[in-house]
Amino acid sequence: MQTPLYVSVRDDKLVWKLEQDGFYSVRSAYKQCVNDAGYQDRHGVAGQWNNIWHAKIPPKVKNLIWRIGRDVLPTRKKLNSRGVQCPMHCVVCNDGDEDSTHVLFSCTRSIQCWQQAGLWAHISTGLGANNNIAENLFSILHWLNKDQQELFCVLVWSIWKRRNNKVWEDVTDSDQTVVERAKHLITSWRSAQQIRQSAHITQPSPQQTVWTKPRHGRYKCNVDASFSLDRNKVGIGMCLRDDHGRFVAARTEWIEPIVDVEIGEAIGLLYALKWVEGMQLYDTDFEMDCKKIVDSLHSKRTYLSDLGAILMDCRNILASNLVNSDVKFIRRQANEVAHRLAGAATSLASFHNFITIPSCIYNIIIIEMR
Ligand SMILES: [Zn+2]
């Protein structure tokens, strides 16, 4: 059995494995229970739900479509089947029993709305030989393009609203009102979204995609981890350069067995911090391309997990001997030197200290010196 043991983890404690910080959360427990129960298989309704979730329509419309798909719309037929005593007939046309398919698609008044909106040809094709409302719904959506799907959804909402207006307020909406209400909903909602979006447009923070030299008199250490399933190892590569971009030193290490990506990246950072601390190069900037670890390192959150213990060791080094240092996130393209070294580390039998440029990064070092 291979259980990774970390030097950073010194005390035994109870840790909730399903959350990265090691603390219990209802969210993760619920997710696990749902997975364990195979809930998706037994209770899920098959269909292209993503078409609905990604549609540019108001959330209340999505919610209604979801309820229709789950066949929980409180139509009169549904209410009767649940023991609620109420008339069965459709209040809009006074003809036929009111179930979801009738209200939305087979009621003569609804058909007139679909015709006015120019969607009836597609809908009648989609209705075909389906067994239930969910099949009808997804079969119709299949015949519509994206714009038509969105119009379809809001019109479904408006047709259901007419039914409710009649049942609860005794108000009779004309077919034209139903179609116009649907169109108005979609246009007003979209313009509101546009206003919100333009209010939120901020300058995107420039993401560093090229390696840059450290400021005058400082060093820069790039670090990365590489995961080799074949060798069951995590390779760690680190490279130190001066303010002219000149190679100072590099080191490769590896750990086994293979561990989670975040743990591997955090251990890589810890080793790099220790390496630089050992060389007493106190003015060093550290860079890595794992945003999660950089964010977790700087966050104020407490971590109970193994990851937390490793990050705590990193923080302690930064708060004692490396107070002049910082750890920053950079894009993968700007971390190529460390990435190559980490990849090479898993195939090397022992750990290596390089005082001349290793061949695998020679060209990159020269290019990045310019
Ligand atoms: Zn009807």
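This is a predicted model: local features need pLDDT of at least 70, side-chain atom pairs count only at pLDDT 80 or more; totals for chains, interfaces and linings use all residues.
Figure 1. V92 is placed in the loop between α5 (76-81) and α6 (100-106). Leaving aside residues up to four places away in sequence, V92 touches C107, R109, R162, R163 and K166.

**Figure 2. The crossing of helices α7 and α11.** Two packed helices are described by the angle between their axes and the distance between the axes. Here the axes of α7 (residues 108-116) and α11 (residues 175-199) come within 9 Å and cross at roughly 50°, which makes α7 oblique to α11. The crossing of this pair, α7 and α11, is right-handed. On the α7 side the contact is made by R109, Q112, C113 and Q116, and on the α11 side by D175, Q176, V178 and V179. Sorted by class, the contact of α7 with α11 holds three nonpolar, three polar and two charged residues. R109 of α7, which takes part in this contact, is also one of the residues touched by V92.

**Figure 3. The packing of helices α12 and α14.** Helix α12 (residues 261-278) packs against helix α14 (residues 306-319) at an angle of about 20°, and their axes are 9 Å apart. That angle makes α12 roughly parallel to α14, because values under 35 degrees are counted in this way. The crossing of α12 and α14 is left-handed. From α12 the contact draws on E262, I263, A266, I267, L269, L270, L273, K274 and E277, while α14 supplies D306, L307, I310, L311, D313, C314, I317 and L318. By class, the contact of α12 with α14 has twelve nonpolar residues and five charged ones, with no polar residues.

**Figure 4. Helix α15 and the elements that cover it.** Helix α15 (residues 336-345) is mostly covered, with eight of its ten residues buried. The buried residues of α15 are E336, V337, A338, H339, R340, L341, A342 and A345. What covers these buried residues includes the strands β1 (219-228), β2 (233-241) and β3 (247-255), together with helix α16 (362-369).

Figure 5. Most residues other than glycine have a negative phi, and most peptide bonds are trans. A cis peptide bond joins E256 and P257, with omega about 0°, and P257 is located in the loop between β3 and α12. D71, in the loop between α4 (59-69) and α5, has a positive phi near 55° although D71 is a residue other than glycine. With 15 other C-beta atoms within 10 Å, D71 is partly exposed. N232 likewise has a positive phi near 55° and is a residue other than glycine, and N232 is found in the loop between β1 and β2. N232 counts as exposed because it has 12 C-beta neighbours inside 10 Å, and a residue is exposed at 12 or fewer.

**Figure 6. The two assigned domains.** The domain assignment of the protein gives domain 1 (46-199) and domain 2 (219-369). The centres of domain 1 and domain 2, taken over C-alpha atoms, are separated by 56 Å.

How values were computed. Residues are numbered from 1 along each chain as its sequence is written. Domain bounds come from an automatic or database domain assignment. Axes are lines fitted to C-alpha atoms, for helices over the stretch in contact, and angles run from 0 to 180 degrees between N-to-C directions. Helices (H or I, at least four residues) and strands (E, at least two) are DSSP runs, numbered from the N terminus. Angles under 35 degrees count as roughly parallel, over 145 as roughly antiparallel, 65 to 115 as roughly perpendicular and the rest as oblique. A crossing is left-handed if the near helix is turned anticlockwise from the far one by less than a right angle, and right-handed if clockwise. Two residues are in contact if their C-beta atoms, placed from the backbone, lie within 7 Å. Ala, Val, Leu, Ile, Met, Phe, Trp, Tyr, Cys and Pro count as nonpolar, Asp, Glu, Lys and Arg as charged, and the others, Gly among them, as polar. A residue is buried if 20 or more other C-beta atoms lie within 10 Å of its own, exposed if 12 or fewer, and partly exposed in between; C-beta atoms are placed from the backbone.
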